[in-house]
Amino acid sequence: MKRSSHPSQQLKVYIALRQRYALFGAMDTRFYVRDCKITKKLINKRKMKNYTKAPLPFQGQKRGFLKLFKECLNDFNDKVIFVDLFGGSGLLAHTIKQQRPDARVIYNDYDWYINRLNNISRTNDLLAKIRFEIQDFTRGGGFSKKVRLPEELRRKILQIIYDEEQKGYVDYITLSASLLFSGQFATSYEELAKECFYNKIKQSEYNADGYLDGVEITHIDYKVLFSLYKYLPNVCFVLDPPYLSTDCSSYTSYWGLKDYLEVLDLLQWTSYFYFTSNKTSIVELCQWLTMHPNIGNPLEGAQCKEVAVNINKTSKYKDMMFYKKIG
Ligand SMILES: C[S@@+](CC[C@H](N)C(=O)[O-])C[C@H]1O[C@@H](n2cnc3c(N)ncnc32)[C@H](O)[C@@H]1O
């Protein structure tokens with residue numbers, strides 16, 4: 001039987017072989033023992049696979065924090081349950097499971113990232129077709145990442161994507177990372193069709209083998225999940241909410257200041273990892289609140305008028321005027 005290069009494939013082949021021996025009763029003990037050893041080795045190898053970034057592109061994944069996160073996890077050796085409330089790509093849950101295989105790790109996959117992982121081979125096939133189209137267009141020459149693809153080629157690629165969508169599934173986030181200018185994300189065909197394309201397609205295939213092995217997956221609002229675990233002993237929560245003042249266009253829901261502040265409520269009386277950035281000014285706000293413990297809402301009783309401001313075709317915000325008359 002031809003040996004496949006990937007450990008998980010090899011594992012499948014050996015399991016199939018072992019089943020076949022058993023079926024025909026033609027098993028030679030030496031082969032059986034050798035097979036068992038190889039199978040065990042492959043299982044361990046598979047378990048050991050350590051991802052230092054999410055298998056598929058994900059905005060806001062904590063890859064830059066992994067080293068520090070692993071170091072700090074050592075202080076939580078008494079904890080037996082870790083709940084990643086804002087799981088995103090699952091990278092933190094994966095990392096905890098790698099470091100603490102004995103612990104229960106719950107990954108709250110609010111964006112259904114798992115669907116993207118389950119469809120990884122379709123995404124690889126689609127990218128291979130687009131890669132081929134680009135090669136064909138340039139007779140093997142390709143394009144540098146910085147060069148905008150010609151309109152004719154862009155249209156051909158869009159047609160391939162459209163055809164794929166008719167078949168049922170397209171991972172627009174991975175496509176965005178492969179075709180759009182850095183940091184831009186489309187979540188539908190219509191959004192993608194409005195953009196200019198660049199050749200940023202990875203040369204190798206995406207792979208997520210063993211990524212979420214042993215991790216429990218949920219898909220619920222973080223408050224509900226928190227309420228299920230908050231009274232259990234030895235729980236540690238991981239809180240990495242969407243950042244304020246940053247682009248969250250590829251996430252499932254809108255995230256405002258109120259949502260952001262509500263998360264702070266969960267930090268009382270719990271063990272946690274909480275991620276934020278100085279862009280959000282949240283630490284500054286917390287320090288200010290400590291210094292002014294008696295302050296209420298200074299806008300209480302004020303009225304509000306809003307004016308919409310368009311920055312460009314896709315971004316807009318609201319200017320607000322609060323007013324209140326006393327006496
Ligand atoms: C900054 S990302 C988390 C990134 C993650 N730590 C990683 O390394 O990939 C925040 C995540 O919270 C999710 N989210 C937004 N609203 C949520 C809610 N109400 N409950 C749970 N998750 C939510 C977003 O969709 C996004 O996936």
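A: Helix α4 lies across β1, β2 and β4 (235–239), running at about 170° to β2; contact here means C-beta atoms, placed from the backbone, within 7 Å, and angles run from 0 to 180 degrees between N-to-C directions of axes fitted to C-alpha atoms, for helices over the stretch in contact. Helices (H or I, at least four residues) and strands (E, at least two) are DSSP runs numbered from the N terminus. This is a predicted model, where local features need pLDDT of at least 70, side-chain atom pairs count only at pLDDT 80 or more, and totals for chains, interfaces and linings use all residues. Residues are numbered from 1 along each chain as its sequence is written.

The open sheet has 5 strands in the order β3-β2-β1-β4-β5, with parallel pairing (a pair needs at least two DSSP bridges). β3 (216–218) and β5 (271–274) are at the edges with a single partner strand each, so one side of each has no neighbour in the sheet. From one strand to the next, the twist averages 20°. Between β1 (residues 81–84) and β2 (residues 104–108) there are 4 bridges, and Phe-82 has Val-105 in β2 as its bridge partner.

Helix α4 (residues 91–99) also meets α3 (residues 66–73): their axes come within 11 Å and cross at roughly 45°. Leu-66, Phe-69, Lys-70 and Leu-73 of α3 meet Leu-92, Thr-95, Ile-96 and Gln-99 of α4.

Conventions:
Two residues are in contact if their C-beta atoms, placed from the backbone, lie within 7 Å.
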